[in-house]
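Please find below a short note for someone opening this entry for the first time. The points are numbered and can be read in any order.

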Amino acid sequence: MAQYTLPKVWKNTQPQGLNSDTAGSRFEQTLPKGDKPYQLYTLSTPNGIKPIILLEELLALGITDAQYNMYKINIMKGEQFGSDFVALNPNSKIPALLDQAQGGLRIFESAHILWHIAKKHQAFLGETPQEQSEVLNWLFWQTGAAPFLGGGFGHFFKYAPEKLEYPINRYTMETKRQLDLLDQLLAKRTYIAGEHYTIADIAIWSWYGRLLDDKVYPGAAQFLDGQSYHHLHRWNELIKQRPAVQKALEKSYDD
């Protein structure tokens with residue numbers, strides 16, 4: 001394979017693909033809208049299922065103000081580049097939320113959506129000041145760590161047109177370091193932030209729990225020796241047995 005020579009100025013050689021070097025809407029679009037307080041536009045990806053889980057957890061507590069309408073945004077068809085969706089999230093990434101109960105407030109980035117909803121309903125934020133601080137520590141950790149798992153490991157393990165040893169080794173090493181970090185953390189506490197289930201668990205489980213169950217990148221659980229992270233597995237089983245989590249997964253995969 002020929003070595004790549006860096007040009008002095010990079011130019012996009014695939015301008016017709018979904019990926020682009022420019023932002024903004026590409027076509028006019030009218031998104032559906034229901035009458036529930038929350039309008040959620042998402043897909044069954046690790047980031048996309050996070051708000052569904054939280055909303056179902058709130059509904060399970062009897063919080064009727066957490067009712068929502070959910071609409072699928074097919075990112076493989078480029079629906080995230082439509083004018084209405086870009087108005088919700090200029091970054092053209094799912095999920096995006098419209099809070100109709102607060103005057104049509106737009107919320108984007110999955111961690112912010114979790115934080116906004118949990119703070120509004122004062123639930124799943126931790127029971128002590130220490131836990132509440134840990135929730136934000138690990139919520140922000142997940143936001144920063146996931147690109148190494150998704151755009152790094154996941155891309156080169158599953159999506160790249162060629163299997164290249166250097167990037168696969170690089171991102172596999174970082175992914176396993178993250179798994180080990182979580183495994184060590186969960187050897188000392190029941191949940192991510194302490195002894196109570198919080199949005200930190202939702203955010204991290206949607207990526208790392210699903211990864212261990214081989215639901216993110218098929219074959220990756222074995223490749224990463226996922227069974228060796230015993231404390232992480234214990235926590236994963238605890239989360240995925242929650243009725244609201246199961247209901248959210250069932251709903252998220254409905255077309």
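1. The model is a predicted one.

2. Helix α5 runs over residues 165-186, which makes 22 residues. From its first C-alpha to its last it reaches 31 Å, close to the 32 Å expected at 1.5 Å a residue.

3. The buried residues of α5 are P167, I168, T172, E174, T175, Q178, L179, L182, D183, L185 and L186.

4. Helix α3 covers residues 110-121 and has 12 residues. At 1.5 Å a residue it should span 16 Å, and its end C-alpha atoms are 17 Å apart, so the two values agree. After α3 comes Q122, which has a positive phi, near 50 degrees.

5. Within α3, the buried residues are S110, A111, I113, L114, H116, I117, A118 and H121. They pack against the strands β1, β3 (96-99) and β4 (105-108), and against the helices α1 (46-60), α4 and α6.

6. Y4, L6 and W10 make a nonpolar surface patch of about 440 Å². W10 lies in the segment before β1 (38-42). Is W10 buried or exposed? W10 counts as exposed because its relative accessibility is 53%, and the cut-off for exposed is over 50%.

Note on methods: Residues numbered from 1 in each chain as written. Predicted model: local features only at pLDDT ≥ 70, side-chain atom pairs only at ≥ 80, totals over all residues. Heavy atoms only, no water. Patch = residues over 30% accessible without salt bridge, like charges linked within 9 Å, V, L, I, M, F, W, Y side chains within 5 Å. Areas by Shrake-Rupley, 256 points an atom, 1.4 Å probe, with all protein chains shown as cover. Salt bridge = Lys/Arg side-chain N within 4 Å of Asp/Glu carboxyl O. Helix = DSSP H or I, 4+ residues; strand = E, 2+ residues; numbered from the N terminus. Buried < 20%, exposed > 50% of the residue type's maximum accessible area, 1.4 Å probe, protein only. Expected span 1.5 Å × (residues − 1). Contact = heavy atoms within 4.5 Å.
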